[in-house]
Protein chains: 2
Amino acid sequence: MCAMARPRKPLLSRDLIVETAGALVDAEGLSALSTRRLAAELGVSGPSLYNHFRTKDAILDAVADTVSAQVDLSMFAPDDPRDWRTALHDWAVSYRAALARHPHLVPLLAQGPGRRPAGLRVADTVFGAMVRAGWPPAQATSVGALMRYFVTGSALGSFARGFVDDETAYDPADYPHLGQAHLLAEHREKVDEGAFTTGLRALLDGLGTQYEAGVRDAWGAARRGAGQDT
Amino acid sequence: MCAMARPRKPLLSRDLIVETAGALVDAEGLSALSTRRLAAELGVSGPSLYNHFRTKDAILDAVADTVSAQVDLSMFAPDDPRDWRTALHDWAVSYRAALARHPHLVPLLAQGPGRRPAGLRVADTVFGAMVRAGWPPAQATSVGALMRYFVTGSALGSFARGFVDDETAYDPADYPHLGQAHLLAEHREKVDEGAFTTGLRALLDGLGTQYEAGVRDAWGAARRGAGQDT
DNA sequence: ACCTGAACACCGTTCAAGT
DNA sequence: ACCTGAACACCGTTCAAGT
């Protein structure tokens, strides 16, 4: 019927592996992804994967990077009309939405870009845009990092597990302020939404204050003295 | 020499298991914790652990909760002189320090309190203090959640992996704004510190603005109408 | 009640062998 | 170059058996 060991066309490719692994993780979670299970899903034997990736972790990294690639970065384009605060806001919302689409991958993505190309591109783009907007480089680095902290932290706390669904787990006597309402999964979604929105606004307000204080004194003087642009 | 199967004193206890597991994870990371390895460390055979915990995950939950138990909550005591902003600041710093002491557990703790008692106590205490400070309950919930998002997100991005140590992983042509300096582990620590400090200040500034706006109009009126205290 | 060895159904990865 | 089966050194968990 078909050749056994060496077909003229390879059965596998990096893209096919990543796509299948991503679908498996989305459907059944990280723990469902084993090299053997993935290979079976691809109609192939376990060790075959090692012709295309050095380790299982490398596969997972590639899958995680497809999520970073979904994050909208158009607001940071040099000709985009949005100012840095609006850009940061819209980016955070898009970033969080991408993570929400792949809840099982959030724990990986929250650990930082590592050496994943799309993750690094996000960091690079945000940094570049903040510098262009007038933030000193050291501060621009902080802005990019702290926004990532907040978005990934909120995604992790919201989508990965959060509080537990079974409210009988809590003895109200032990936690006098945490009412029954806190413990319902449905209520939790609204809390997560509200906390994200409130936190994002607070963060951007606070950064705005720091930016304006900086423009008024030190940075402006330093940049004028050094003759740097914008 | 010694009795084989049933000594008069149990060889194991929950506390001993949790302590040994915590030391193992701190020293060698999450992947070093297997039930068999942990049992060996305790001089016991693998299945013995199942007399004290239902699953390996239950052991890990207990270990994680010892970290939450290290978080300082004294700033939220009713008789503590610190106002809510200072209290939140000091708590965030203590929270982050506790996580930094146990970097390998951060991925677990960042997923939320689950049903871990110490984790729930933290959430309960912060919520109670914010309500006492004058935040409406729904907002107090958000404040607690968003602070947790930021602290755990920053700890995860900082201590767990972050950027990768080997700077040759990055081709500067691909990331025009990310200079060599971004990629050194030593530089990264300073960035993480700076981003945490900057973000925490921005968050508290922004929350202060929202609090004062709330006190000026809706909340104050509602609370005066309902005759609630402070 | 608490520990044991044996067993089950898995893992990730290496490697010689095939084409 | 790319896939295979066999093998190595592991896993978490169950369970009957011992005391």
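Is R85(B) buried, partly exposed or exposed? R85(B) is partly exposed, with a relative accessible area of 30%; buried means under 20%, exposed over 50%, and partly exposed in between (1.4 Å probe, protein chains only).

Before you click on, note that this is a predicted model, where local features need pLDDT of at least 70, side-chain atom pairs count only at pLDDT 80 or more, and totals for chains, interfaces and linings use all residues. Residues are numbered from 1 along each chain as its sequence is written, chains are lettered from A and ligands numbered from 1 in the order in which they are written, and side-chain values use heavy atoms, leaving out hydrogens and water.

**Stop 1: chain B.** (A salt bridge is a side-chain nitrogen of Lys or Arg within 4 Å of a carboxyl oxygen of Asp or Glu.) D205(B) sits in helix α8 (residues 185–216) of chain B and R85(B) in helix α4 (residues 84–101) of chain B, so the pair ties together parts 120 residues apart in sequence. Helices here are DSSP runs (H or I, at least four residues), numbered from the N terminus.

Now select D80(B) and R82(B), another salt bridge at 2.9 Å, N to O. D80(B) is buried at 18%, while R82(B) is partly exposed at 29%.

**Stop 2: chain A.** Pick E193(A) and R96(A), whose side chains meet in a salt bridge (2.9 Å, N to O). E193(A) is partly exposed at 44%, whereas R96(A) is buried at 7%.

**Last stop.** Select E28(A), R37(A) and E41(A), joined into one network by salt bridges that share partners. Over all chains, the structure holds 16 salt bridges.

Terms used:
Helices (H or I, at least four residues) and strands (E, at least two) are DSSP runs, numbered from the N terminus.
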